[in-house]
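Try each task before you read its solution.

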Amino acid sequence: MTKSLEDMTLEELWQLFPIFLREHQVEWKDWYEEERLRLLSVLPEHQIVRLSHIGSTSVETIWAKPIVDIMLEIPIETDMAIIRDLLLQNGYLLMSESQGRMSFNKGYTPSGFAKRVFHLHLRYEGDHDELYFRDYLQEHPTVAKDYEQLKLSLWKQYEHNRDAYTDSKTDFIKKYTKEAKRLYNGRYEREDR
């Protein structure tokens, strides 16, 4: 009998859902767009500040995990629990929760990854460093290739340890996010605030 995802240990989940990278696929942009439209159809329009394709699948020149990352920014006055419940009712699973942040996934099944897999990062508006990092990689191909090489070097070492894989990229991401915020000063700040 197959265990449910909720009953699996972290180690079992890491075995079932290993880190793996592949060359950029043009279909990832379509996956994002279709999921964006799906989200727009189930979430209250006035509760959405911005939906964004983030992560390595949004950078056309580099290898990535075939998981489309989506950031959903909501107004600061919104009760995040309302959005959480709508996402749970529409096929997302809550992965983690911390102050002002929730992470969800879709496409994780008891037998492994589905054809399309999504990570959705729910944030309050203004908590969007990933947009700066994405733009920096898109506009600086050499740095994007350095990031790709870092990820490729970590892949097999941390294939079954997602936390260590993520932690090993942190310094690189922080360095270029800081540079991007300096370079793109205020690019994602709303004019009406």
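**Exercise 1. Charges**

Task: In this predicted model, how many positive and negative side chains does the chain have, and how far apart do the centres of the two sets lie?

Solution: Start with the positive side chains: there are 27. Then take the negative ones: there are 34. Now compare the centres of the two sets, which lie 3 Å apart.

**Exercise 2. Fold and dimensions**

Task: Find how many helices and strands the chain has, and decide whether its radius of gyration agrees with that of a compact globule.

Solution: Count the elements. The chain comes to six helices and five strands. Next, read along the sequence: the pattern is α-α-β-β-α-β-β-β-α-α-α.

Turn to the dimensions. The C-alpha trace spans about 55 × 40 × 30 Å along its principal axes. A compact globule of 193 residues would have a radius of gyration near 16 Å. The chain has 17 Å, so the value agrees with a compact globule.

Now look at burial and contacts. Of the 193 residues, 45% are buried. Take the contacts between residues at least 6 apart in sequence: 67% of them join residues at least 24 apart. Finish with the surface. The accessible area is about 10,600 Å², and carbon and sulfur atoms account for 50% of it.

**Exercise 3. Aromatic rings**

Task: Count the aromatic pairs. Then classify the pair formed by F133 and Y147.

Solution: With ring centres within 6.5 Å as the cut-off, the count is twelve aromatic pairs. For F133 and Y147, the ring centres are 5.2 Å apart and the planes stand at 85°. Planes over 60 degrees apart count as edge-to-face, so this pair is edge-to-face.

F133 belongs to helix α4 (residues 129–139) and Y147 to helix α5 (residues 141–155). They are 14 residues apart, and the pair links distant parts of the chain.

Check burial too. F133 has a relative accessible area of 9% and is buried. Y147 is also buried, at 4%.

Finally, widen the view. F133 and Y147 belong to one aromatic cluster with Y136, F172, Y176 and Y184.

Definitions and conventions:
Residues numbered from 1 in each chain as written. Predicted model: local features only at pLDDT ≥ 70, side-chain atom pairs only at ≥ 80, totals over all residues. Heavy atoms only, no water. Helix = DSSP H or I, 4+ residues; strand = E, 2+ residues; numbered from the N terminus. Rg over C-alpha atoms; globule rule 2.2 N^0.38 Å. Buried < 20%, exposed > 50% of the residue type's maximum accessible area, 1.4 Å probe, protein only. Contact = heavy atoms within 4.5 Å. Areas by Shrake-Rupley, 256 points an atom, 1.4 Å probe, with all protein chains shown as cover. Lys, Arg positive; Asp, Glu negative; His and termini not counted. Charge placed at Lys NZ, Arg CZ, Asp CG, Glu CD. Phe/Tyr/Trp six-rings, centres within 6.5 Å; stacked < 30°, edge-to-face > 60°.
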